Structures are given as C-alpha cells and as structure tokens.
Amino acid sequence: MNVLVIYTHPNHKSLSYAFLNKVIQGSNENRKITNIEVLDLYEEQFDPVLVFNENKRRRDMHIDPKFEKYREQIRQADKIVFVYPIWWGRPPAMLLGYIDQMFASNFAYREKGGLIPEGLLKGKSVVCISSMKGPTLYPLYWLNNSHKVLMRKALFQYCGMKKVKFFEFGNMESPKGKHDKKLNQVYQYFKAVAN
C-alpha cells in the first residue's frame, strides 16, 4: 500500500506535527505499507491562490504542468492522509487551496451530464486527522458536522473515494486534552491498517 500524507500546519512544533510523526512511525512499522510520502504544503510553499484568466482556464486545471508532480502523488497513492488543524470550523485555507487546484474536473471527477459525476479516484481510501481548541462535540452540535460533511460528501465521495475515516480531536489546547492517548490512537491505527 502506498500512503500519501498531506500535512498542513506552518509550525513543526505543533500538535499537528506530532500527529504527522505518529502517522509516519505507525506506517513504518506496518508491513502492508510499502511506501509513505509526505507533502508538507507550507514547507513546499504551495501557492493556494486560484488564478483564472485568458491564459489559464479552469477547464484546463487537470493538465496544468505546474501541478503534475502533485497529481502523480495522488495517482500513486492507495491511501491519502490529511493532517491539519480545524480553524474557524474548517481546514486551513492552504489545504483548501490545494484541494481547489488538485481535485479538478477530468482528474478527480468527470461530468456525465447527470446530477452526480463519475468519481475518477475510486479505490483510494482517505484518513483525516484534525485537531481543534474547542470541545470535541462542538462541530457536531454547533456546526451541524459541517467539517465532516464537507470533506466526506462534497469532496471525497464526489471524487469516488468511499472509504473515509476521521480522527477529529477536540480540547487540544487544554492540559486535560489527553494528547498522549490521542497520539497513540493514531499511531496504533497506522501500525495495523490493512487498506
């Protein structure tokens, strides 16, 4: 299994970075995982800004040579892992800019003329690991679970990726946040995951 980890946090001393390290540690101890690649969007200085004009058209995003390296990473991945904080009830703008440009028509999905397009990333699985300052149940009760709905239905399933797992951790700025337990949970998952 090939694993692509997309890490989105500007600070390598953050809890998000600790989660990234647990993903790597667990994956390295899992015999089913043959390759793990990490894309650190901030370190990469990925440009999240969409530009459309007479020279750069939205319908051509799937063949933009600037993004071929990233498209190939997605093509090769069996499992795509996103590690990010929740800011203002959603992933960081950097990650959303990556999604806007990478999950493009004719690469991630294809219009068929009906209500639902054909997902072109079928067979891939997804894991989202996110942390936030607020309580764990805040997104569910206050935001109608908008983060998970956005990621699962509006993005992953739309592109054909049906198997999606969330680790959504709250209270992470509290000393009672059980950081070690949650870090170990992520480590154990990647140490044992089979697909």
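Buried here means under 20% relative accessible area, exposed over 50% and partly exposed in between, with a 1.4 Å probe and protein chains only. Strands (E, at least two residues) and helices (H or I, at least four) are DSSP runs, numbered from the N terminus. This is a predicted model, in which local features need pLDDT of at least 70 and side-chain atom pairs count only at pLDDT 80 or more, while totals for chains, interfaces and linings use all residues. Residues are numbered from 1 along each chain as its sequence is written, and side-chain values use heavy atoms, leaving out hydrogens and water.

View 1. Take a look at residues 125–131: seven of the seven residues of E6 are buried, so the strand is largely enclosed by the rest of the structure. Ser125, Val127, Ile129 and Ser131 point one way, and Val126, Cys128 and Ser130 the other.

**View 2. The strands paired with E6.** Two strands pair if DSSP finds at least two bridges between them. E6 pairs in the parallel sense with E3 (residues 79–85) over seven bridges, and Val127 is the bridge partner of Val81. E6 also pairs in the parallel sense with E7 (residues 163–169), over seven bridges; here Val126 stands opposite Val164.

**View 3. The buried side of helix H5.** Within H5 (residues 146–156), you will find His147, Met151, Leu155 and Phe156 buried. They cover an arc of only 75° around the axis, taken from the directions from the helix axis to the C-beta atoms, which puts them on the same side of H5.

View 4. Tyr84 sits in strand E3 and is buried, with a relative accessible area of 0%. Counting heavy atoms within 4.5 Å as contact, Tyr84 touches residues including Cys128, Ile129, His147 and Met151.

Technical notes: Lists of a residue's contacts leave out its neighbours within four places in sequence.
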